[in-house]
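My entries follow in the order in which I made them.

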Amino acid sequence: MESRAARIALGGWTLLVVLFLWIPLALIIVYAFNKANVQSWPIPGFTTHWFGVAWHSQEVRQALWLSVRAALTTTAAALVLGSMAAFAIARFKFFGREAVSFLFVLPIALPGIVTGMSLNSFFVFNHINLSFWTIVIGHSTFCIVLVYNNVIARLRRSSPSLIEASQDLGADGWQTFRFVIWPVLSTALVAGGLLAFALSFDEVVVTYFTAGAQNTLPLLIFGYIRLGQQLPIVNAIAFAMIVLTVIPVVLAQRLMRDTGVLRRGGTAALTAK
Amino acid sequence: MATQAPAREGSEAAPGSPAVRLKGIRRTYGDVVAIAGLDLDIAEGEFFTLLGPSGSGKTTTLRVIAGFERPDAGSVELAGVDVTHAAPSERDVNTVFQDYALFPHMTVQENVEYGLRVKGVGRRERRMKANEVLERVRLPQVGARRPVQLSGGQRQRVALARAIVNRPTVLLLDEPLGALDLKLRQEMQVFLKALQQDLGITFVYVTHDQEEALTMSDRMAVFNEGRIEQVGSPADVYEHPETEFVAGFVGVSNVLERGGRRFTIRPEKIHMIEGIGGDGETGVIRDVVYVGMVTRYIVDLHSGGELVVVRQNLETSSREVLEAKGKRVRLEWRPEHTYEIDKEENR
C-alpha cells in the first residue's frame with residue numbers, strides 16, 4: 001500500500017538527492033560571476049570580468065586548445081575502433097566472443113587511477129615519451145566503450161535482414177551503405193561520439209599519468225586549485241565547462257531516444273505530398 | 001559439382017523453361033546439412049509452397065533462390081538462365097522477409113520506392129508506381145508514415161508492396177503471415193492468392209502451416225530434414241501422402257499396418273458405427289476431443305494400432321459426444337480412400 005505519507009516522504013527524499021547533486025554546481029556558477037576575488041557568502045556583486053581574464057590568459061588558451069585537440073582525436077579513434085568492434089561482436093559468432101565483449105566494456109568501470117598508473121608504467125618501460133598521443137591513447141581506452149555500447153545496442157535492435165532487403169531490391173554495396181547502413185547507424189555514432197568527447201574533455205586522473213609536461217584544461221584547473229591560485233578564473237572556466245559538457249550529453253540522450261532515427265524533415269515532408 | 005557457365009548477361013529467357021529450376025542443390029553449415037541434394041522445378045505463374053517443420057531446409061532453399069546463400073553444390077536457374085553465381089541484386093526476384101525488414105528511417109513511401117530509386121528511376125515515375133502498389137495492397141493513406149507507426153498487418157502489406165514494385169518474375173515469401181493473428185492470417189491468405197493471380201507473378205511461399213499450404217498453393221513441396229518428401233497439388237499431397245512423414249505433417253497421421261503393408265487413411269473418410277458385428281475394424285473409443293465444429297475420436301483397434309476419426313457435430317451436443325468415451329465401435333472405409341505409404345516406387 002502506497003500511502004500519502006509515503007509518497008510525500010519519497011518526494012522529499014528525491015528532492016534532497018537532487019539538491020545534494022546540484023548545490024555545489026550552482027555555487028560554482030554563482031561564484032563565476034563573483035565581483036570579489038575571494039569566495040565569501042553572500043557575494044558582494046555580479047560581474048563577467050573573470051570570463052575576460054580567463055579568455056585572455058595564454059595558459060588557459062593553450063590548455064583549452066590541447067584539451068579540444070585531444071578530445072577530437074580520441075573521439076575519432078573511438079568512433080572507428082568502437083564501431084568496428086561492435087560490428088564484429090554483433091554480426092559474427094566466434095570463440096571467446098563474450099569474453100572479448102567483456103574486455104571492451106571493462107575499462108569504463110576500471111578506476112582511472114589504475115588505468116592511468118598502468119599506462120604510465122607501460123610508456124616509461126617502453127621508453128615512450130609522454131605526449132599528446134599518450135593522452136589520446138589513455139582516453140581512448142574508456143571512450144571506445146561509449147561508441148561500442150551505442151552502436152551494438154542499435155545493431156541488436158535493427159533487423160539483420162535490412163542489408164539483405166536492400167540487396168534484394170537491387171542496391172549495390174555503396175547504395176546499401178549510403179541509404180541503409182549509414183542512416184540507421186548515424187545517430188548511434190553521433191551519440192557515442194558526443195559522449196566520448198565529453199568524457200575525454202574533462203578527464204583528470206588518466207590524463208595526469210599520461211600527459212607529461214603539458215596541461216589539459218582539467219589539469220590546469222586541478223593545479224590552480226591545489227596551489228590556491230586564480231580561484232575566480234577557475235570558477236569561470238568551470239562554468240564554461242559545465243555548459244560545454246551538458247550540451248553534448250543532452251544531445252546524445254535525445255538522439256538515442258525511441259528509434260534513434262534522425263528526423264529528416266525535408267525528404268519526409270516532400271514525399272508526403 | 002560442375003555448373004554450367006553463367007550466361008546471365010544478354011541471354012534471353014528460353015521459352016517454356018520453368019520460372020525456377022534447382023538442380024542438385026546442397027548446402028551445409030559445418031556438420032549440419034541444411035539441404036541434402038535437391039531438385040525442383042517451379043513453373044511460371046505458379047503459387048508454389050515449400051512446407052515443412054523448422055530446420056527442414058525450406059527457408060535455406062528460399063535463400064538460395066534469392067541469392068543470400070551460395071549452395072555448396074548444384075545450380076539455380078531463373079527462367080532458363082543460370083544465376084548460381086549472381087548476386088541478389090542481379091536476380092529478377094524479390095523477397096518478403098519474415099520480419100518484414102522495412103527500413104526504419106524511411107517513410108512507407110520511401111520504403112516502397114527504394115527498389116526503383118536504386119535502379120535510377122525518376123522521382124515522378126517512382127511516386128506513381130509506389131502509389132499504384134500501395135493502392136493494390138489497400139494502403140493508400142499511409143505513405144507519409146514511418147514503419148513504427150503502423151500495425152503488424154499494415155507493415156506486412158508494406159513489405160509486400162515494396163517487393164512487388166519492381167515487378168519481379170518471381171516473388172519469394174518467407175513465412176510472411178507468421179506474426180499475424182489468426183483472423184488476419186486468413187484474410188491475408190485470400191488476399192495473397194488473389195494478388196498472385198492478378199499479377200501473374202510466380203510466388204514461392206515458405207510456411208510451416210499445413211492449412212496455409214493447402215488453401216493457397218497450386219503445388220507444394222513437403223520438406224523434411226533437408227530433403228523433399230513429396231511434390232504435388234494440395235489434394236494430391238493430402239489424399240495420397242507418399243511417406244509417413246507427409247501423412248503426419250499434412251493432416252493427422254493415421255497409419256495402420258496390416259499384413260506387412262502400411263497404409264494411411266484420412267480421419268474424415270472413416271465411418272464410425274456404434275456396436276459390433278459386420279465388416280471393418282472394431283475397437284474402443286479411448287479419447288474424445290471436442291473442437292467446436294467437429295469432434296475427434298481416438299479409437300484403439302482390437303487388431304492393434306489406433307485411428308483418429310473426425311465427425312461433424314451436425315446434430316450432437318458436446319455432452320453427447322463426450323459420453324461416447326469407452327464405447328465399442330466399428331470402423332469402415334472405402335478401399336480407395338486408403339493409400340499405401342513408404343512403397344519403394346514412392347521414394
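**Confidence**

I noted to begin with that this is a predicted model. The predictor assigns the complex an ipTM of 0.80 and a pTM of 0.73. For chain B I read a mean pLDDT of 87, with 93% of its residues at 70 or more.

**Domains of chain B**

I looked up how chain B is divided and found domain 1 at 20-239 and domain 2 at 252-346. Taken over C-alpha atoms, the centres of these two domains of chain B are 38 Å apart.

**A sheet in chain B**

I then checked an open sheet of 3 strands in chain B, which has the order 11-12-18 and antiparallel pairing. Strand 11 (255-258) and strand 18 (338-340) of chain B are at the edges; each has a single partner strand, so one side of each lacks a neighbour in the sheet. From one strand to the next the twist averages 35°. Strand 12 of chain B, residues 261-265, is joined to strand 18 of chain B by 3 bridges. Across that pairing I found F263(B) opposite E340(B).

**Nonpolar cores**

Which residues have the most contacts inside the largest nonpolar core? I found I65(B), A161(B), V170(B), L172(B), V204(B) and V222(B), in a core of 123 residues. Its largest share comes from chain A, where helix 8 (residues 173-201) supplies 12 residues. Another core, of 7 residues, lies apart from it and includes I270(B), Y297(B), L307(B) and V329(B). As background, nonpolar side chains tend to be buried together in soluble globular proteins.

**G120(B)**

Is G120(B) buried or exposed? I count it as exposed, because it has 8 C-beta neighbours inside 10 Å and the cut-off for exposed is 12 or fewer. G120(B) sits in the loop between helix 2 (108-117) and helix 3 (123-136) of chain B. I also checked G120(B) against M188(B): they are 68 residues apart in sequence, and their C-alpha atoms are 32 Å apart in space.

Note on methods. Residues numbered from 1 in each chain as written. Chains lettered and ligands numbered in written order. Predicted model: local features only at pLDDT ≥ 70, side-chain atom pairs only at ≥ 80, totals over all residues. Domains from an automatic or database assignment. Pairing = 2+ DSSP bridges. Helix = DSSP H or I, 4+ residues; strand = E, 2+ residues; numbered from the N terminus. Axes fitted to C-alpha atoms, helices over the stretch in contact; angles between N-to-C directions. Core = buried A, V, L, I, M, F, W, Y, C linked by C-beta atoms within 7 Å. Buried ≥ 20, exposed ≤ 12 C-beta atoms within 10 Å, placed from the backbone. pLDDT = per-residue confidence, 0-100.
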